[in-house]
Amino acid sequence: MTQRVFLLLLTAGLFVLAVELRAQAPSPGHPASPALSPSDAQNKISINSDLVVLPVTVKNQFGELVPDLEESDFHVFDENVEQSIDVFTVEAFPLSLVVLIDDDLKSKDAAQMTPSLRAITAGISTNDEALVCRFDLDFYPGDAFTSDLDKLWADLKSVQEHSGPSTANPVPFVTPPSTHALGVGEPGPAAPIKSGSRPTKALDDAIHSAAALLHDRGVGRRKMILIVSDGVNGPQFNHFTYQDTLEALLHDNVSVYSLAVGSSLIKKKFSRLIDYSNDSGGDIYYASSSANMEKLYSQITEQARHEYTLAYVPRGTHSPSAYHKVEVRIDRPAVTVKTRQGYYTGGAPSSRSTSSDRRR
């Protein structure tokens with residue numbers, strides 16, 4: 001009797017197990033579950049410090065995101081050596097965002113920009129965090145990263161109150177006085193001629209300082225700088241060069257997304273923003289009106305949220321340089337691929353102080 005009960009229980013257990021396995025198996029016409037669940041992908045990236053992580057954006061010829069690519073469509077090259085992809089996911093990573101607002105815009109540009117700032121909160125989800133900062137000659141960091149939309153809006157309102165033409169006196173260019181003794185019949189020096197004013201902004205320092213704020217955010221987060229600026233930069237006022245700042249961005253995998261304010265007919269004036277956006281794997285958008293800016297804020301955060309994430313442990317590369325060039329190719333015609341141009345091995349850049357610290 002006992003043996004018969006045991007056999008009945010064993011048969012029932014095997015039947016239940018078979019039903020469960022059948023339920024887990026993919027049905028015809030439906031693909032199997034991906035090898036890595038979202039949490040698996042984030043965990044693998046978080047615990048493996050050797051991984052090189054590449055956020056990748058793919059757009060078609062119309063500028064639209066391409067959402068249907070598979071891992072097999074991607075080929076990653078590190079110093080021209082093709083790599084095996086260890087992690088591939090289309091998971092939306094939580095954002096760590098520094099909103100960097102130009103504090104010294106022309107009056108007409110500031111008038112268009114300030115009413116649009118509240119729209120930034122529409123692109124922030126409960127898992128994201130943001131910090132609002134300002135810059136002109138100096139960098140003005142916000143209080144702390146926050147996911148509280150009310151706090152974020154209060155910070156943006158404060159920026160609205162400060163944004164506009166700089167109240168600092170411009171540094172004029174003037175013709176220097178003569179330093180030699182006057183010759184016979186030589187006229188005296190003319191009055192100094194004011195031929196313009198130097199730009200009162202240190203854009204390189206501002207982006208470097210914003211990158212430093214993102215340094216300690218987790219590797220499982222998408223790190224972004226959203227800079228709203230007219231692109232004017234006074235190189236002589238910066239303590240960090242473009243290359244210094246780019247190194248800090250690439251070391252911490254920070255992408256720069258630029259919203260270029262003002263007329264876009266002359267792209268040359270936005271060249272610094274274009275370089276930071278392209279070299280860090282971000283993007284640049286152009287807007288001259290409040291309505292356009294409001295649409296673009298959410299478009300920028302959505303693009304960052306719908307990037308592909310590829311990660312790999314470098315193999316077969318023997319470059320003596322700390323900098324490694326990276327290229328991502330895709331087996332699909334008529335698409336544009338955006339990712340960071342490379343990465344640095346070893347420790348963090350030696351100097352991470354802000355521009356204000358460097359001036360002391």
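How do the residues of the lining of the largest pocket divide into nonpolar, polar and charged? There are eleven nonpolar, eleven polar and seven charged residues. The views below are close-ups of a predicted model.

**Figure 1. The whole chain, for orientation.** The protein has 360 residues, and 43% of them count as buried. Its secondary structure comes to nine helices and 16 strands.

**Figure 2. The largest pocket and its lining.** The space in this pocket is about 610 Å³. Its lining counts 29 residues. Nearest the pocket centre lie S49, L51, V219, H251 and R340. Two or more lining residues come from each of α2 (38-47), β1 (52-60), β10, α6 and β16 (342-344). Strand β1 gives the largest share, three residues. By class, the pocket lining has eleven nonpolar and eleven polar residues, with seven charged ones besides.

Figure 3. The structure holds one cavity of 30 Å³ or more. The largest cavity contains about 40 Å³ of space. Its lining is formed by F77, E79, N80, K325, V326 and E327. Strand β14 (residues 323-330) supplies the largest share of this lining, three residues. Three of the lining residues are charged, two are nonpolar and one is polar. Rolling a probe the size of a water molecule over the atoms shows where empty space is left.

**Figure 4. The largest nonpolar core.** This core has 30 residues. M113, L117, L259 and Y297 have the most contacts inside it. Helix α8 provides the largest share, five residues. In soluble globular proteins, nonpolar side chains tend to be buried together.

Figure 5. A separate core has 28 residues. Among them are C133, F135, A206 and Y276. Y276 is also one of the buried residues of α7, the helix shown in the next view.

**Figure 6. Helix α7 and its buried face.** L273, Y276, S277 and S280 are the buried residues named in α7. Which part of the helix do the buried residues line? Seen down the axis of α7, they fall within an arc of 95°, so they line one face. What do these residues pack against? Their partners are α5 (203-214), β10, α6 (242-251), β11 and β12. Just after α7 comes G281, with a positive phi of about 85°.

Figure 7. S277 sits in helix α7, which spans residues 271-280. Is S277 buried or exposed? Its relative accessible area is 0%, so S277 is buried, a class that takes in values under 20%. Which residues does S277 touch, leaving aside neighbours within four places in sequence? S277 is in contact with V256, Y257 and S258, and also with G282, D283 and I284.

How values were computed
Residues numbered from 1 in each chain as written. Predicted model: local features only at pLDDT ≥ 70, side-chain atom pairs only at ≥ 80, totals over all residues. Heavy atoms only, no water. Helix = DSSP H or I, 4+ residues; strand = E, 2+ residues; numbered from the N terminus. Buried < 20%, exposed > 50% of the residue type's maximum accessible area, 1.4 Å probe, protein only. Contact = heavy atoms within 4.5 Å. 1 Å grid on protein atoms, 1.4 Å probe; cavity = no way out; pocket = protein on both sides within 12 Å on 5 of 7 lines; lining within 4 Å. Points joined across faces, edges and corners; volume = space filled by probe spheres on them. Nonpolar A, V, L, I, M, F, W, Y, C, P; charged D, E, K, R; others polar. Core = buried A, V, L, I, M, F, W, Y, C linked by side-chain atoms within 4.5 Å. Arc of directions from axis to C-beta.
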